[in-house]
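This report covers ring pairs, a strand sheet, a nonpolar core and a few single residues. The sequence and the structure are shown first.

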Amino acid sequence: IPFTFGATREDYGTDLLYRPNNGSGAPQVSFTEGNFIDYRAFDRAGLTPVYEFGFGLSYTTFNYSDLRVTKLNVSTYTPTAGMTPAAPTLGNSSNDTSQYQFPSNFTAVPLYIYPYLNASDLESASNDTNYGVEGYVPAGAQDGSPQPLLPAGGAPGGNAQLYDVLYQVRATITNTGSIPGDEVVQLYVSLGGEYDPHIVLRNFERLSIQPGSTATFTADITRRDLSNWDTNAQNWVMSSSPKAVYVGSSSRTLPLSAPLS
């Protein structure tokens, strides 16, 4: 199961927002729980769930053995540097607002948003009492000049080196029962920091295994898998805290483990 069954609602450590809590403004959720949600919250609180994250039933049984962790040689992480291109200029760049009004013979569909103005005066067309107020447009929002690239950016999904494979993990799974069955093998890592969850899921694989047979679970651990977000550096960083890998059938059943040196 992809979530934890707790004995009580309070066991989850945080709750849903059931009613507006900010007067006439938008509801405010502060996310004080951080990343301690679901099984991470249960682990931190030392609570025993009814059914843990990753739990599953089977008509057969499985044995886990022979955990092998291979460290790969990869280049040092280099934050993205440089500048973006200047923002393109779109349209005809005319400031004549009469060119953008609804055509005289146009029939509008009610409630549909059109790219036309209903008046040549921009303040009237905006129908916004805050139009023109200082801060109406965020600072820098109209600056189309080249901007510094984000250290964690540079490619779809972020800096490409975040997805360098640092470790390859293998384990042997044996069907010790008398009938065929599927086992969802799960890989968790411990980031080791004082404020990190006990473990976090990083990979899984469903294996179909005949009775008496074995299958090999394989998974990669990337640099991103072992990194924390640094709000000051605005980048992903790997801390010096000791790290470890765990392999098992759920977040509470992890018979195999090894340090990540």
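## A partly exposed tyrosine and its ring partner

Y116 has a relative accessible area of 33% and is therefore partly exposed, a class that lies between buried (under 20% relative accessible area) and exposed (over 50%), computed with a 1.4 Å probe on protein chains only. This is a predicted model, in which local features need pLDDT of at least 70 and side-chain atom pairs count only at pLDDT 80 or more, while totals for chains, interfaces and linings use all residues. Residues are numbered from 1 along each chain as its sequence is written, and side-chain values use heavy atoms, with hydrogens and water left out.

F102 is partly exposed as well, at 32% relative accessibility. F102 and Y116 form a tilted aromatic pair, with 5.3 Å from centre to centre and 50 degrees between the planes. Both F102 and Y116 lie in the loop between β1 and α2 (122–126), 14 residues apart, and the pair links distant parts of the chain. Helices (H or I, at least four residues) and strands (E, at least two) are DSSP runs numbered from the N terminus. Ring pairs also join F102 and Y116 with F106, Y112 and Y114 into a cluster.

## Other aromatic contacts

A search of the whole structure gives 13 aromatic pairs. Rings of Phe, Tyr and Trp (its six-membered ring) pair if their centres lie within 6.5 Å; planes under 30 degrees apart count as stacked, over 60 as edge-to-face and the rest as tilted. One of the pairs is F5 with Y51: the ring centres are 6.0 Å apart and the planes stand at 85 degrees, so this pair is edge-to-face. F5 belongs to the segment before α1 (39–45) and Y51 to the loop between α1 and β1 (62–71), so the pair ties together parts that are 46 residues apart in sequence. F5 is partly exposed, at 37% relative accessible area, and Y51 is partly exposed at 40%.

The charged end of R44 sits over the ring of F36, 4.0 Å from its centre, and that of R224 sits over the ring of W236, 3.5 Å from its centre. The criterion is NZ of Lys or CZ of Arg within 6 Å of the ring centre and within 35 degrees of the ring normal.

## The open sheet

An open sheet is formed by 4 strands in the order β4-β3-β8-β9, with antiparallel pairing; two strands pair if DSSP finds at least two bridges between them. The edge strands are β4 (200–209) and β9 (256–260), each with a single partner strand, so one side of each has no neighbour in the sheet. From one strand to the next, the twist averages 15 degrees; axes are lines fitted to C-alpha atoms, for helices over the stretch in contact, and angles run from 0 to 180 degrees between N-to-C directions.

Strand β8 (residues 243–248) runs antiparallel to β9 and is joined to it by 5 bridges. Y246 stands opposite S257 in β9.

## The largest nonpolar core

The largest nonpolar core holds 28 residues, and those with the most contacts inside it are I173, L187, F217, I221, L226 and V247. Such a core is a set of buried Ala, Val, Leu, Ile, Met, Phe, Trp, Tyr and Cys residues joined through side-chain atoms within 4.5 Å. Two or more residues come from each of β1, β2, β3 (181–190), β4, β5 (214–222), β8 and β9. The largest share, 5 residues, is given by β2.

Beyond its neighbours within four places in sequence, I173 is in contact (heavy atoms within 4.5 Å) with residues including F62, Y64, V185, L207, I209 and F217.

## Single residues

T218 is in strand β5 and is partly exposed, at 39% relative accessibility. Not counting residues up to four places away in sequence, T218 touches V169, R170 and E205. Between T218 and A87, 131 residues apart in sequence, the C-alpha distance is 44 Å.

Two residues other than glycine have positive phi. F31, in the segment before α1, has a phi of about 55 degrees and is exposed at 56% relative accessibility. N127, in the loop between α2 and β2, has a phi near 55 degrees and is exposed at 74%.

G154 is in the loop between α2 and β2 (165–175) and is exposed, with a relative accessible area of 66%.
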